[in-house]
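Please have a look at this model with me. The report below goes through its pockets, its ligand and some of its salt bridges.

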Amino acid sequence: MIPVSESSVQLTENKTLENSDATSWQSLLKQSHIDAKALLSQLDLPESLLAGMEVGHSLFSLRVPQPYLDRIEKGNPSDPLLRQILPIAEEANLQPGYVTDPLEEKSSNPIPGLIHKYKSRVLLMGSGACAINCRYCFRRHFPYEDNGLSSERMDQIVGYLNQHPEINEVILSGGDPLATPDKRLQLLANKLASVPHLKRLRIHSRLPVVIPQRITDDLVDILASSRLKVIWVLHINHAQEIDTNLIDAVAKLTQKQMIVLNQSVILRGVNNSVKALSDLSERLFDADILPYYLHAFDPIQGASHFDVTDDDVIKLWQSLQKELPGFLLPRLVREIPNRPSKTLLGLQ
Ligand code: SF4
C-alpha cells in the first residue's frame, strides 16, 4: 500500500484529512507510520528483532496505527496481532509458486481503478492507502499508482457500469476505501447511486477494525442516506482484534440497518487452530458481525511463512464445523484466477 500522502484522493480536495485533534481518525491515520525501534520499545520487545524488521520494511513498509498497537500483548513476540504487522527477514526469501499477483487481477482491469471478475459485481479501488500494512496482503505488490480514481476516471467507470446492466453491486475496496475523506466517499456514493440498475454498495475495509474512530457520525449519515443498500465486510483475523471501541463502531452501523459481515484469512501462527477460529466466530457474533468468508492463503511473494496447506485448512474447517452452529461457520474459499466465482473448499 502507499502512504496516505501519496494516495489518489483526487475527486475532491484532501483538506478534510486535516484534523488537528490527536484522537481523530485523520491524526491516527497519519501517525500510523511508526519507526521500528519505537515499536519494539513500546511493546517491550527485544532489539534483536530490529535487523529482520529492517529487511521486511525495505520491501513493504511497517505501518500500524496506535489503536491496533494497544491490543498487542507487551513482551510477547508471538502475539497473533503482532505477527500480522511485524516485518521479518523471511519476506526477502523468494519461494517458487509465490508471486506478485496471485489472483491475476491485472487481467480483469478494464479501466484503471476497476476490477471486473465476477458477472454481477465489480470492485472499485476506492483508495490505494491503508492504515495498516498487513504482511500477508495479497495486494502488497499491486500497482495502486496506476489505479487512482480521478474525476474523469470515475466518469469513465460510471459509463462502463451504465453499459453493463448485469452489474448490480459495487464493492469499494483498495487499499482501504475508508482512507479517504468523507466528502470524497459521498461523491463516489452519489455517482454510483446514479446508475439505475445498481442495488448494493459493499465496503471492504479494515479501517474500522484498526482505527474504530473512523466510523464517524458523518460517515454513517452519508452511507445511510444512499439509495443503495450498504453492506460492510470487515477484515478481522483474530478475536483479540475485537475491542469495545470496535464494538461501539459496529453498533453505529447496525443501528442504521447496515449489514456487517467479516472475512478472515487463515494464517500460520495467527489463527490456524480450531480454538482461534472458534473464538473468533463467537466474538464476532457478540459484536453483531457475521462470519462470512475464511480465505485460504493467496500465494503472495514475501509472505510464504503464513501459508497453511489446503489439506490442513480443510481439516481445520471440518473440525470447526463440529464446534459451531451453521450461522457462525464462515464459508471456506479460495480465489482461483479466471474462475467465475470463489471456489468453496471443505465440502464433503
Ligand atoms: S489486507 Fe487490507 S488493510 Fe491490510 S494491507 Fe492489504 S489492503 Fe491494506
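## The second largest pocket

The lining of the second largest pocket divides into 5 nonpolar, 2 polar and 1 charged residues. Here Ala, Val, Leu, Ile, Met, Phe, Trp, Tyr, Cys and Pro count as nonpolar, Asp, Glu, Lys and Arg as charged, and the others, Gly among them, as polar. Leu-49, Pro-77, Ser-78, Arg-83, Leu-86, Ile-88, His-305 and Phe-306 make up this lining, and the space inside is about 170 Å³.

A word on terms: on a 1 Å grid over the protein atoms alone, a pocket is an open set of points where a 1.4 Å probe fits, with protein on both sides within 12 Å along at least five of seven lines, and lining residues have an atom within 4 Å of a point. Grid points are joined across faces, edges and corners, and a volume is the space filled by probe spheres set on the points.

## How to read the model

This is a predicted model, in which local features need pLDDT of at least 70 and side-chain atom pairs count only at pLDDT 80 or more, while totals for chains, interfaces and linings use all residues. Residues are numbered from 1 along each chain as its sequence is written, and side-chain values use heavy atoms, with hydrogens and water left out.

The largest pocket has a volume of about 900 Å³. Its lining comprises 44 residues, and Phe-138, Arg-139, Ser-173, His-204 and Gln-263 are those that lie nearest the centre. At least two lining residues come from each of strand 1, strand 2, strand 3, strand 4, strand 5 (229–235), strand 6 (259–265), strand 7 (290–295) and strand 8 (331–334). Helices (H or I, at least four residues) and strands (E, at least two) are DSSP runs, numbered from the N terminus. By class, the lining holds 23 nonpolar, 9 polar and 12 charged residues.

Where does the ligand sit? The space it takes is the largest pocket, given that a molecule sits in a pocket if more than half of its atoms lie within 2 Å of the grid points. Around the ligand are 8 residues, of which Cys-130, Ile-132, Cys-134, Cys-137 and Gly-175 come nearest; a residue is near a molecule if one of its heavy atoms lies within 4 Å of it. This shell has 5 nonpolar, 2 polar and 1 charged residues.

## Salt bridges

How many salt bridges are there? The count comes to 15, with a salt bridge taken as a side-chain nitrogen of Lys or Arg within 4 Å of a carboxyl oxygen of Asp or Glu. One of them pairs Arg-140 with Glu-91, with the closest N and O atoms 3.0 Å apart. Arg-140 is in the loop between strand 2 (121–127) and helix 6 (151–162), and Glu-91, 49 residues away, is in the loop between helix 5 (80–85) and strand 1 (114–118). Arg-140 is buried at 8% relative accessible area, and Glu-91 is buried at 2%. Buried means under 20%, exposed over 50%, and partly exposed in between (1.4 Å probe, protein chains only).

Arg-200 and Glu-169 also form a salt bridge, at 2.6 Å from N to O. Arg-200 lies in strand 4 (residues 200–205) and Glu-169 in strand 3 (residues 169–174), so the pair ties together parts 31 residues apart in sequence. Arg-200 is partly exposed at 25%, whereas Glu-169 is buried at 6%. Glu-335 and Lys-342 meet at 2.9 Å, N to O. Shared partners join Glu-105, Lys-117, Arg-139, Glu-335 and Lys-342 into one salt-bridge network.
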